[in-house]
Amino acid sequence: MNKRLLILLYLVLAFNNYTIIAQEEEGTTSLPRILVELQERFGVQFNYASALVDELQVTPPDTTLSLEQTIDHLKTQSNLDFVFVSDSIISIKKKRLMLCGYLLDVQSNEALPYVTVKNGTRGTITNPEGYFEIEAAHATDVIQIRHIGHKTIQREAQFFNTAKCARIYLIPEHEQLEEVILYQYLIRGVDKLGNGSLQIDFNKFSILPGLIEEDVLQSVQALPGIQSIDETVSNINIRGGSNDQNLITWDGIKMYQSGHFFGLISMYNPHMTQKVELHKNGSGVSETDGVSGTIAMKTKDYINPEINGSIGVNLIDANGFVDAPLGQKASIQISARKAISNFIETPTYTKYFDRIAQDTEIEKNTATEKNSDIGFDFHDASFRLLFHPSDKDRLRVNFIYTANEVSFNENALVSGEVKERQSTLNQLSIAGGIQYQRDWTETLDSELMVYETDYQLKAVNANILDNQRFLQKNKVSETGVKLKVGKKITPHLKWTNGYQLMETKVTNLDDVDDPEFKLLEAEVLRAHGIFSEIGFLSDDKATRLNLGMRFNHLDKFKKQIWEPRLSFNHGFGKGFTVEVLGEFKHQNTSQVINFQNDFLGVEKRRWQLSDNDSIPVITSKQISTGLSYNKNGWLANAVAFYKKVNGITTQSQSFQDRYEYVKTAGNYDAKGIDVLLRKQLKNASYWLSYATLKSDYHFKDLPETNFPSNFDITHAVTLGTNYTLNRFLVAAGLNWRTGKPYTRPVVANEVNDDAVNFGSANSSRHDDYLRLDVSAKYEFKWGENTKTQIGVAAWNVLNRDNTINTFYRPETATNAKEYRQSSLGFTPNASIRLIFN
């Protein structure tokens, strides 16, 4: 027995000796044996798990190599990590894979920032250039790449190119029917979407003529078919409609105020507002109000992993913005802005103030009354919180506060004594909203929105000679709730259903102290809406269709309104696209002017609710069709439209002729064509836009039943260009349009019975409007994470005196006096901004 054991032991040893000799002949040795030799040679100790190294065979390192060189050799041979815990202790671990890449959109080829990349419980987010790094323990680890609006990618680590950081392209989800179909519609950052709307993305935005900062509502006016009859952002006219017929939302919250400086600049901080969508027609069924159009502003919808922000100052205001992460699942944005007029009066401020003060109580000075100590201020603050507790849940909280204030002292000599009383005007908006989105499954999602918005306009007009104080207030308070549920029926078909509730309260107060008079009117209207919409996108993405119906019920009037909506887009041939848009809409609020000197004459429009009688519910019908050609940098787009709006009142149309104090209801129709021709080069864009409009009023109870609308701009042409060279941007633009209609007195018979004797309504026009604007911007870096941006701009470079309004008042028993209001003359501006990230 012992002899057999000795023979077996001999055979095992012989086999092992043969194996070692065979290995040595092949030039490899077991790693444990080499580690023992190295411990003796260099006086070090290796710590490792036996199972990690026992089976590994490596080429022995040359004995002339140093310890560091020897370790590098073993790393290459074994594909293990050798980590120096101390000078004499080396830990051996399994090497982890470091994966990296750049994520881009497959259609636009643009980087995708803040995309979530996960490996199990570990995760990261791409930087603004779309770059990411993530570690993998095994080649079979599954890496998930997830981004809103794009298909989720799941890929094993072994399929990443570890030798270099490759480009990875994400494909937009098919149900994202608002997919871009025309990039750089006007300039970089202005795109046309598949639902017929136009989108401005300020993250990609280039530069527009006359603007040094991305003023949200000024930028919208660069698009065909959008005008401002008086050069303000608070009086934007979309295809012949008045400003109150525009629905303006900020992250889904309806806003009743739009401008600072009483309309000359937008009150929405452009550094916080990322995108703006403009719907001139064909809006979705989830939207109500805005019979002329919708301007929907949106803040960023991704969590920022790193703190960034900016502070800046221009010749109008100082402003700041910060976006900071709150852990890995939340981030917060805060922005603020304040006029600098309390510290310094710049030429730009003077031009703006003179513009808004024309023919108002502020400007009024007579031999017996003088105004002094005129002060003006505006400020705003906004806040947004994003919280993503999971990949399926997204919570957003928004808050915005804005204010405009003007005050002055009225001085007069009364009974031999100098008297002084103060008049003030305050405009204030406060709004907040909560939005919760959840992806229940890959085919089912929901969104719940709750908001509260409050607006107040308050004026105290002190009449020192009559020892009288006149107080006016206009308040709007609205609460809204909206629920949407989307179901993806097939990869190409999505069905969206929802419910909306809005309760709006409007209060108007007129209060005179001597003689005592007080009139307080308060109205409340509750509206319910149920909507359903089918969205279709073909497999080749050439055809897009949104077809829906909205049912509205107005509690107070027991009134039902059905509103069909249509958005159709089809690409064909090589570069051609045809679209058809249509909608029925309604709105329950409008702005009216009771008297031209209300609210000191500065902001004389006040909001009112429909009473379904003398103030009807406004309804509209609109249809448009367009054709586009886009190839080799050329874009040609033409859209013809027809719109009819019922339920308007004379008070809402800014009449200053014989119909100024008439109260009656009617309608208007508008038809025309919007045309754009754009050429895109490597570093430059050139565009030419043209819009023609014919808009007429129809008031059956007026002596003249049909006549041109107050917003009828027959022809409008814009010629523009911008150029980019590295970090230098420059833009120039020429704007021309036919003059605004107005009514003149009858020649040689201007006044009858102490009233102006007007001729045919809107039978005259102002001279043509012409304005040339330029702007430039330069950006340079201050180290790794900081850069400075300097901008200069000039509005109305030619200093042309453009008349924007004319009205008449009796001067004598036979003559009428003409009052003429002018646009901004030559107005320079400059800015400097420090950006950190």
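Buried here means under 20% relative accessible area, exposed means over 50%, and partly exposed is anything in between (1.4 Å probe, protein chains only). These legends describe a predicted model, where local features need pLDDT of at least 70 and side-chain atom pairs count only at pLDDT 80 or more, while totals for chains, interfaces and linings use all residues. Residues are numbered from 1 along each chain as its sequence is written, and side-chain values use heavy atoms, with hydrogens and water left out.

**View 1. The disulfide between Cys100 and Cys165.**
The structure holds 1 disulfide (a pair of cysteine sulfur atoms within 2.5 Å). Its sulfurs, from Cys100 and Cys165, are 1.9 Å apart. The bridge is left-handed, because the torsion about the S-S bond is about -90°. Cys100 lies in strand E6 (residues 97–105) and Cys165 in the loop between strand E11 (153–156) and strand E12 (166–170), so the pair ties together parts 65 residues apart in sequence. Helices (H or I, at least four residues) and strands (E, at least two) are DSSP runs, numbered from the N terminus. Cys100 is buried at 13% relative accessible area, whereas Cys165, at 28%, is partly exposed.

**View 2. His766 and its neighbours.**
Look for His766 in the loop between strand E49 (764–765) and strand E50 (769–781). With 7% relative accessibility, His766 counts as buried. Its side chain makes a 2.8 Å polar contact with the side chain of Thr806. For a polar contact, a pair of N or O atoms must lie within 3.5 Å; within protein, one must be able to donate a hydrogen and the other to accept it, and residues adjacent in sequence count only if both atoms are side-chain atoms. Leaving aside residues up to four places away in sequence, His766 touches Gly739, Lys740, Tyr742, Thr803, Ile804, Asn805 and Thr806. Contact means heavy atoms within 4.5 Å.

**View 3. Lys280 reaching for a backbone oxygen.**
Lys280 sits in the loop between strand E22 (273–279) and strand E23 (293–299). This lysine, Lys280, is buried at 12% relative accessibility. Its side chain gets to the backbone oxygen of Pro224 at 2.7 Å. Residues touched by Lys280, beyond those up to four places away in sequence, include Ile226, Ile238, Arg239, Gln622 and Asp674.

**View 4. Phe655 and Tyr697, a tilted ring pair.**
There are 26 aromatic pairs in the structure. Rings of Phe, Tyr and Trp (its six-membered ring) pair if their centres lie within 6.5 Å; planes under 30 degrees apart are stacked, over 60 edge-to-face, and the rest tilted. For Phe655 and Tyr697 the centres are 5.5 Å apart and the planes at 50°, so this pair is tilted. Phe655 is in the loop between strand E40 (634–649) and strand E41 (665–680), and Tyr697 in strand E42 (residues 684–698), so parts 42 residues apart in sequence are tied together. Phe655 is buried at 4%, and Tyr697 is buried too, at 0%. Elsewhere, ring pairs link Phe261, Phe262, Tyr349, Tyr352, Phe353, Phe376 and Phe378 into a cluster.

**View 5. Arginines over tryptophan rings.**
Here a charge sits over a ring if NZ of Lys or CZ of Arg is within 6 Å of the ring centre and within 35 degrees of the ring normal. The charged end of Arg438 sits over the ring of Trp440, 4.6 Å from its centre. Arg771 lies over the face of Trp795, 3.8 Å from the ring centre.
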